[in-house]
Amino acid sequence: MEIVMKEAEARVPVTIMQLHGELDASNYLDVIAKAKELHAAGTRNLVLDLSDLSFMASSGLVALHSTALIMRGDEPPDPEHGWGAFHAIAKERETGLIANCKICNPQPAVLRSLEITGFKAFLDVYTDLDTALASF
Amino acid sequence: MDQPLRLRIAADLKNLATIRRFVESAAKSEDGNPEAIVDMLIAMNEAATNIIIHGYQGQPGIIEVEVAYDEDALVVSLRDQAPIFDPTLVPAPDVTLPPEQRPFGGMGVHMMRQLTDELTHRTTPDGGNELILVKEDVRRA
């Protein structure tokens with residue numbers, strides 16, 4: 001998997017993290033590490049562009065969830081927290097606390113993983129980049 | 001059951017993509033339904049990941065992958081020599097429990113169950129594990 005970064009100007013500065021390839025247990029920590037690096041460098045608004053991501057395992061869901069929390073300034077959850085961590089982000093969505101991380105254009109296989117775990121409802125998922133940027 | 005295609009590969013997370021390519025290629029060679037094949041790839045990937053992480057726990061090992069069609073059903077078997085573990089016995093997420101009390105390990109098994117029609121485990125004669133995943137109605141007429 002390759003991670004490509006871009007910058008965009010919406011109502012606020014937004015960083016776009018493009019994931020190219022396949023996201024599984026062999027590389028999901030790379031996404032979390034990049035999110036930490038971005039946050040340390042001042043990034044607060046992020047779009048995860050999944051246009052060119054052809055596969056995502058459950059470990060990828062952990063990466064997405066962790067990235068959302070990192071962008072908010074939180075420590076990513078210990079995986080042992082499990083479903084509770086996912087539930088937490090769902091509750092946070094209701095109160096608008098994860099408004100700084102958006103998911104953009106998941107492809108069918110990735111969308112399947114998001115849907116089968118109920119994760120699609122946990123994050124703001126957009127079908128195209130422009131709409132995702134306009135949501136900030 | 002058709003003649004199965006076999007792959008024998010080191011149990012390494014870096015080999016997950018190779019295992020997926022093997023299963024995908026074998027399934028598509030019979031003009032399988034792409035959406036059903038994706039379901040099998042996701043489920044099989046969770047099973048293989050569990051073998052590598054929880055079965056072998058970082059120790060060297062081998063995963064044997066077998067792919068075949070049984071009439072219209074796609075059948076993927078994963079064999080390993082890790083300590084005996086039957087993922088089909090992992091309880092389904094209990095929706096009556098507060099989510100924070102649900103174990104993380106259940107998510108991969110949840111995905112396997114949701115995306116396949118049959119999930120069975122057996123202990124092989126040489127003392128290893130065999131997990132068989134079946135997805136019905138994959139091969140198109």
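Predicted model: local features only at pLDDT ≥ 70, side-chain atom pairs only at ≥ 80, totals over all residues.

Me: What makes A:Asn105 partly exposed?

Reply: Its relative accessible area is 24%. Buried needs under 20% and exposed needs over 50%, so A:Asn105 falls in between and counts as partly exposed.

Me: Where does A:Asn105 lie?

Reply: A:Asn105 is in the loop between strand 5 (101-104) and helix 4 of chain A. Leaving aside neighbours within four places in sequence, its contacts are A:Asp49, A:Leu50, A:Ser51, A:Tyr126 and A:Thr127. A:Tyr126 is 21 residues away along the chain, yet the two C-alpha atoms are separated by 6.0 Å.

Me: Why is the pair A:Asn105 and A:Ser51 called a polar contact?

Reply: The side chains come to 2.9 Å. The cut-off for a pair of N or O atoms is 3.5 Å, with one able to donate a hydrogen and the other to accept it, so this pair counts as a polar contact.

Me: How do you know that strand 1 and strand 2 of chain B pair?

Reply: Pairing takes at least two bridges. Six bridges join strand 1 to strand 2 (residues 62-70) of chain B, so they pair, and they run antiparallel. B:Ile9 stands opposite B:Ile63 in strand 2 of chain B.

Me: Which sheet do the five strands of chain B form?

Reply: An open, antiparallel one, in the order 1-2-3-5-4. Strand 1 (5-10) and strand 4 (118-123) of chain B are called edge strands because each pairs on one side only.

Definitions and conventions: Residues numbered from 1 in each chain as written. Chains lettered and ligands numbered in written order. Heavy atoms only, no water. Helix = DSSP H or I, 4+ residues; strand = E, 2+ residues; numbered from the N terminus. Buried < 20%, exposed > 50% of the residue type's maximum accessible area, 1.4 Å probe, protein only. Contact = heavy atoms within 4.5 Å.
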